[in-house]
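Reader: Could you walk me through the salt bridges in this one, and then show me what sits around them? I'd like a close look, in plain words.

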Amino acid sequence: MSLKIKSQEDFWAGLMFIGFGILAIIIARDYPMGSAMRMGPGYFPTWIGVILIILGSIIAAMGFKFEGEKVGNFAWRPMILLSIAFAAFGWAIDNIGFILAMVILIVLSALAGKEFRIKGVIAMVAVLVVGAWALFIYALELPFPLWWWR
Amino acid sequence: MEFFAEYFPNLTLGFATAVSPVNLLYCFAGVFVGTLVGVLPGIGPLAAIAMLLPATFNLPPVGALIMLAGIYYGCQYGGSTTAILVKLPGESASVVTCMDGHEMAKKGRAGPALAIAAVGSFIAGTVGTILIAVAGPPIAEMALKFGAPEYFSLMCMGLIASAVLAHGNMLKAIAMIFLGLIFGIVGTDVNSGMSRFTFGASGLADGLSFVVVAMGLFGFGEILANLERGQDKATREML
């Protein structure tokens with residue numbers, strides 16, 4: 001019997017569930033467990049993690065048995081760049097202000113695309129920064145600092 | 001007709017107040033602004049009302065209430081616009097609109113989809129208001145009797161229903177529900193007050209808000225699905 005992955009989709013989905021289960025247990029291991037009668041903060045997450053690992057194993061094992069879909073190529077560059085762009089925006093809006101945060105978000109997101117046209121990006125930065133400022137800061141008066149000094 | 005004797009005078013009083021021209025104007029202004037704000041993804045009715053509350057300070061109490069109600073309904077409807085056009089639910093109620101509405105928009109029928117959402121919003125609002133007016137008192141009485149067993153049963157039913165309704169692999173649906181439970185644990189533990197899975201960030205102490213999860217799931221999912229197809233169109237649409 002050969003161990004060939006027949007359904008990549010099931011296999012990777014299973015691994016993902018196992019990963020989340022392990023992560024949940026690792027983070028929850030510092031929380032007091034308690035008992036089934038008096039559950040501590042760690043009781044629920046730990047057991048859900050265990051269930052996730054079990055279910056994930058079954059799903060991953062099914063990937064060896066049944067035919068299924070193939071997983072396409074991962075688009076690593078856009079995925080990583082977009083995640084960084086959103087995270088950077090979250091950090092920047094509190095630390096270096098709304099306007100620079102918008103610029104960082106737009107430029108990083110544009111870099112994730114297939115083509116990077118400098119003129120288009122500059123135009124989009126201008127339009128979106130002014131538009132977002134007019135809408136969120138001026139009209140709705142959301143309390144975000146415009147620059148880093150206030 | 002004890003029923004009518006109780007409800008009819010109250011309803012006529014309410015309509016007489018609401019139909020006066022000044023109040024209708026407040027209502028229109030509220031709905032207009034509410035829809036404008038509701039279109040912004042991520043700003044639901046609650047946030048909109050909180051932001052626009054100062055605008056009603058100078059109005060008489062009845063007018064202010066009417067305007068706030070208008071903002072609420074306008075916001076609820078406005079959320080469906082982004083849900084249909086770019087598959088970003090503006091607030092929790094328009095998550096479902098995303099699924100069918102965006103499919104219609106993809107086939108070039110965004111106009112009809114928006115119209116259906118508007119008509120549906122009107123009918124649901126009208127019927128819902130009548131139902132609340134008629135059935136409010138008895139339901140409120142019942143809701144007060146809800147205790148731990150009832151909430152537990154309700155939650156169990158919800159979890160089982162979501163496993164049954166999900167199409168595709170049953171096992172994956174159940175695993176996803178447990179994954180969802182993990183995300184639901186994020187925040188302060190109700191029983192002990194201990195914060196779990198917050199990584200020391202105080203912003204997570206309240207847990208993940210449903211709107212954030214829905215937007216991340218639908219908006220980000222849409223981007224990732226487009227990446228798989230090798231297009232960067234969605235990124236631009238998203239921005």
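Author: Here is the part you asked about, followed by the chain around it.

First, the ground rules: this is a predicted model, where local features need pLDDT of at least 70, side-chain atom pairs count only at pLDDT 80 or more, and totals for chains, interfaces and linings use all residues. Residues are numbered from 1 along each chain as its sequence is written, chains are lettered from A and ligands numbered from 1 in the order in which they are written, and side-chain values use heavy atoms, with hydrogens and water left out.

Side chains of opposite charge can pair when their charged atoms come close. Here a salt bridge takes a side-chain nitrogen of Lys or Arg within 4 Å of a carboxyl oxygen of Asp or Glu, and by that rule there are two over all chains. One joins A:Glu9 to B:Lys172, at 3.7 Å from N to O. That pair crosses between chains, from helix α1 (residues 8-28) of chain A to helix α8 (residues 170-185) of chain B. Helices, by the way, are DSSP runs of H or I with at least four residues, strands are E runs of at least two, and both are numbered from the N terminus.

The other bridge links A:Asp10 with B:Lys172, at 2.7 Å from N to O. Again the pair goes from α1 of chain A to α8 of chain B. Shared partners join A:Glu9, A:Asp10 and B:Lys172 into one network.

How covered are they? Buried means under 20% relative accessible area, exposed over 50%, and partly exposed in between (1.4 Å probe, protein chains only). B:Lys172 has 17% relative accessibility, so it counts as buried. A:Asp10 is buried too, while A:Glu9 is partly exposed at 37%.

Now the rest of chain B. This chain has 10 helices and two strands, in the order α-α-α-α-α-α-α-α-β-β-α-α. Of its 239 residues, 31% count as buried.

Elsewhere in chain B, helix α2 (residues 21-39) packs on helix α4 (residues 61-86) at about 35°, with the axes 6 Å apart. Those axes are lines fitted to C-alpha atoms over the stretch in contact, and angles run from 0 to 180 degrees between N-to-C directions. Contact residues of α2(B) with α4(B) split into 10 nonpolar, 12 polar and no charged; Ala, Val, Leu, Ile, Met, Phe, Trp, Tyr, Cys and Pro count as nonpolar, Asp, Glu, Lys and Arg as charged, and the others, Gly among them, as polar.
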